[in-house]
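Please look over the model shown here before reading the points below. They are written for someone who has not seen it before.

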Amino acid sequence: MTAKPDTSPEDDDLAGYDVNGRMCIVTRESGSPEELIRFVAAPDGTVVPDLKRELPGRGCWVKVDRSLVEKAVAKKLFARALKADVKAAEDLGERVERLFLQQLLQMMNMARKAGQLVTGSAKVDAAIRSGAALAVFHSTDAAADGVRKIDQARKAWHLGMETEEEIPSFRLFSEGEMEGVMGQNAFIHAAVLAGQAGEGVVKRAKMLEQYRNGGQSRAPGGAGQQKQ
């Protein structure tokens with residue numbers, strides 16, 4: 001029998017030996033790390049999100065849902081869960097959303113460098129009709145006509161190939177938000193292609209959409225609109 005590492009759930013909830021170590025502190029429902037956001041106490045006594053699940057020390061978990069993060073702040077659940085005199089910023093929910101967005105845009109830059117992201121309506125249309133596109137993205141500034149034409153290509157591929165679902169479509173950020181991370185690589189329309197980086201983009205896009213939309217991702221079959 002393999003011995004467990006000499007760690008305690010009190011100090012290291014990442015080991016996962018105790019299902020309670022991965023329980024949402026708001027809903028009290030357990031889940032996998034991919035379904036939860038980990039939070040830890042920083043040295044200055046503030047609560048910080050650990051999206052990569054790699055910071056040391058005792059952690060606690062909240063489901064990927066902004067409203068639940070905000071509820072945990074309002075009810076002061078972090079101090080109880082972390083067993084420490086910690087303070088969660090009132091705008092913690094917004095900060096987590098910005099981190100999700102930043103991670104997504106950084107992964108898009110990686111996909112572009114790997115040749116797994118194409119931009120421009122013509123290239124996106126071609127990627128969809130060839131079956132190369134894993135997902136499409138539109139900035140929230142995109143004109144309705146441009147989105148409609150790409151949606152037509154998605155529907156044509158879906159019906160022609162008799163796939164179970166249309167290629168996912170996302171509208172998660174403005175061109176201005178992209179420019180802060182992607183610089184001149186910001187786009188109006190884009191498609192991510194098969195590959196590790198492209199798959200990473202889709203995974204992070206679904207996480208961001210889920211976080212914004214009450215724990216639900218609306219990616220299949222339509223563009224998820226950004227909440228205002």
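1. Of the contacts in the protein with a separation of 6 or more, 69% are between residues 24 or more positions apart; contact means heavy atoms within 4.5 Å. The model is a predicted one, in which local features need pLDDT of at least 70 and side-chain atom pairs count only at pLDDT 80 or more, while totals for chains, interfaces and linings use all residues. Residues are numbered from 1 along each chain as its sequence is written, and side-chain values use heavy atoms, with hydrogens and water left out.

2. The secondary structure comes to seven helices and eight strands. Helices (H or I, at least four residues) and strands (E, at least two) are DSSP runs, numbered from the N terminus. The protein has 228 residues, and 43% of them count as buried. Buried means under 20% relative accessible area, exposed means over 50%, and partly exposed lies in between (1.4 Å probe, protein chains only).

3. Three strands form an open sheet with antiparallel pairing, in the order 2-1-3. Two strands are taken to pair if DSSP finds at least two bridges between them. Strand 2 and strand 3 are at the edges with a single partner strand each, so one side of each has no neighbour in the sheet. From one strand to the next the twist averages 35 degrees; axes are lines fitted to C-alpha atoms, for helices over the stretch in contact, and angles run from 0 to 180 degrees between N-to-C directions.

4. How many bridges join strand 1 to strand 3? There are five, and the two strands run antiparallel. Arg 38 stands opposite Trp 61 in strand 3. Strand 1 and strand 2 pair over three bridges, also in the antiparallel sense, and Ala 41 has Val 47 in strand 2 as its bridge partner. These two strands, 1 and 2, form a hairpin with five residues between them, and Gly 45 in the turn has a positive phi of about 85 degrees. Strand 1 is largely enclosed by the rest of the structure, because five of its six residues are buried.

5. The whole structure holds 14 salt bridges. A salt bridge is a side-chain nitrogen of Lys or Arg within 4 Å of a carboxyl oxygen of Asp or Glu. As background, side chains of opposite charge can pair when their charged atoms come close.

6. One of the salt bridges joins Arg 53 and Glu 34, with the closest N and O atoms 3.6 Å apart. Arg 53 lies in the loop between strand 2 (47–49) and strand 3 (59–63), and Glu 34 in the segment before strand 1 (36–41), so the pair ties together parts that are 19 residues apart in sequence. Arg 53 is partly exposed at a relative accessible area of 27%, and Glu 34 is partly exposed at 39%.

7. Asp 91 and Arg 95 form another salt bridge, their closest N and O atoms being 2.9 Å apart. The relative accessible area of Asp 91 is 29%, which makes Asp 91 partly exposed. Arg 95 is partly exposed at 39%.

8. Asp 145 and Lys 149 meet through their side chains in a salt bridge of 3.4 Å, N to O. Both are in helix 5 (residues 144–161), and being four residues apart they are separated by about one helical turn. Asp 145 is partly exposed with a relative accessible area of 37%, as is Lys 149 with 46%. Elsewhere, salt bridges that share partners join Arg 66, Glu 70, Glu 97 and Arg 212 into one network.

9. Helix 1 (residues 66–74) and helix 3 (residues 92–113) have axes that come within 8 Å and cross at roughly 145 degrees. Arg 66, Val 69, Glu 70 and Val 73 in helix 1 meet Leu 92, Gly 93, Glu 94 and Glu 97 in helix 3. By class, this contact has three nonpolar, one polar and four charged residues. Ala, Val, Leu, Ile, Met, Phe, Trp, Tyr, Cys and Pro count as nonpolar, Asp, Glu, Lys and Arg as charged, and the others, Gly among them, as polar.

10. Is Gln 116 buried or exposed? With a relative accessible area of 14%, Gln 116 is buried. Gln 116 is found in the loop between helix 3 and strand 4 (117–119). Leaving aside neighbours within four places in sequence, the residues in contact with Gln 116 include Ala 111, Ala 191, Leu 193 and Gly 198.
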